[in-house]
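Thanks for asking me to look this over with you. Below are some numbered notes to read with the model open beside them.

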Amino acid sequence: MDDTPHRDGLRDLVSHSLTAGLCALIPVPFADDWARDLVRRRMARQVLAERGLGADAAALDLLALGKEPPTARSVARGCVQTVIVWPFRFLYKLLIKKLLRKLIFLLAVKDAVDTFSRTFHEGYLLRHAARLGSLDRTTSDDASAQRLSLASARPVRSAMDAVIDSVDPRPVESTARLVLRSSRGVLRGAVRSLHRGLRALGRSGRRDEERVLREIERDVEATGGMVDRLVAGLASNAGYLDALRRMLASRLAGTPPAVQQSAPAADATEA
């Protein structure tokens with residue numbers, strides 16, 4: 001089977017997903033989670049920008065991270081967890097998930113594979129939803145701005161989650177596992193580069209976020225051909241990618257008409 005149509009547009013998604021996966025290997029408690037979320041937000045922004053869309057902060061967090069804005073109850077619960085639970089979580093992550101898994105590299109790779117898989121699925125489905133037109137209707141008064149609201153993002157995120165929860169991700173995970181496990185030396189170098197870039201971002205603040213993340217992703221792409229091998233492996237699973245798009249289109253067909261109204265038929269050759 002010719003997998004060329006399925007390679008088109010995969011590279012950016014794979015580059016973002018690989019960078020997010022490598023964040024799981026950063027040996028600093030909670031820095032890995034912070035860095036991963038930065039990368040996932042950037043991926044979502046770029047996917048939306050392909051269709052000339054933006055998103056407010058709440059909508060972006062929902063589409064990129066699956067996080068709803070905090071309510072008064074969740075804030076109160078979070079404060080209690082911070083005081084009571086956080087010290088134990090910190091010790092667990094520091095002593096078990098960080099120090100131990102860095103000694104046992106395969107456990108660290110599993111985290112990276114899981115993060116890669118989740119990020120790739122989210123980016124792939126979000127891009128397909130955008131191409132279907134399911135995000136075109138917004139509540140912005142400025143039509144040229146095309147900024148998504150939280151309300152317009154919710155049904156799309158719900159459809160994405162439903163698809164991800166119902167599929168067996170092994171075609172993506174096995175591809176990522178094969179590439180990452182065969183690239184141990186390259187991985188360590190990529191993680192060091194990633195960590196240096198994130199330290200620079202921490203010093204410079206949000207004003208340099210886009211530039212630093214772009215440089216980090218460029219460095220990741222330049223390491224050992226991992227992006228090319230991941231793209232080739234994923235493109236060879238054309239049937240799986242087709243199934244993801246069909247399932248998402250089916251889920252979106254059940255969303256309120258205001259969201260699905262302008263959606264054209266899915267392109268059979270879209271990746």
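1. D33 and R36 sit together in helix α3 (residues 31–49), 3 residues apart, or about one turn of the helix. Helices here are DSSP runs of H or I with at least four residues, and strands are E runs of at least two, numbered from the N terminus. D33 and R36 form a salt bridge, with their closest N and O atoms 3.3 Å apart. The term stands for a side-chain nitrogen of Lys or Arg within 4 Å of a carboxyl oxygen of Asp or Glu. R36 is partly exposed, at a relative accessible area of 22%; buried means under 20%, exposed over 50%, and partly exposed in between, using a 1.4 Å probe and protein chains only.

2. A word on the source: this is a predicted model, in which local features need pLDDT of at least 70 and side-chain atom pairs count only at pLDDT 80 or more, while totals for chains, interfaces and linings use all residues. Residues are numbered from 1 along each chain as its sequence is written, and side-chain values use heavy atoms, leaving out hydrogens and water.

3. How many salt bridges does the structure hold? There are 17. One of them joins R11 to D228, with the closest N and O atoms 2.4 Å apart. R11 belongs to helix α2 (residues 10–23) and D228 to helix α12, so this pair ties together parts that lie 217 residues apart in sequence. R11 is partly exposed, with a relative accessible area of 32%, and D228 is partly exposed at 43%.

4. Stay with helix α12 (residues 226–235) for a moment. The helix is mostly covered, since 7 of its 10 residues are buried. The buried residues include M226, V227, L230 and V231, and G233, L234 and A235 are buried as well.

5. Another salt bridge links D242 with R245, whose closest N and O atoms are 2.6 Å apart. Both lie in helix α13 (residues 238–252), 3 residues apart, which is about one helical turn. Is R245 buried or exposed? R245 is buried, with a relative accessible area of 5%. Elsewhere, salt bridges that share partners join D33, R36, D37, R40, K67, R118, E122, R157 and D161 into one network.

6. Next, the aromatic rings. Rings of Phe, Tyr and Trp (its six-membered ring) pair if their centres lie within 6.5 Å; planes under 30 degrees apart count as stacked, over 60 as edge-to-face and the rest as tilted. By this rule there are 2 aromatic pairs. In one, F116 and F120 have ring centres 6.3 Å apart and planes at 5°, so the pair is stacked. F116 and F120 both lie in helix α7 (residues 105–132), 4 residues apart, and both are buried. Ring pairs link F116, F120 and Y124 into a cluster.

7. Finally, which residues gather in a patch of positive charge on the surface? They are R177, R181, R184, R188, R192, R196, R199 and R203. Patch residues have over 30% relative accessible area and no salt bridge, with like charges joined within 9 Å and nonpolar side chains (Val, Leu, Ile, Met, Phe, Trp, Tyr) within 5 Å. Helices α9 (170–181) and α10 (184–204) each supply at least two residues of the patch, and α10 gives the most, with 6. R199 lies in α10 and is partly exposed, at a relative accessible area of 43%.

How values were computed. Accessible areas come from the Shrake-Rupley method with a 1.4 Å probe; for residues, only the protein chains shown count as cover. Lys and Arg count as positive and Asp and Glu as negative; His and the chain ends are not counted. The place of a charge is taken as NZ of Lys, CZ of Arg, CG of Asp or CD of Glu.
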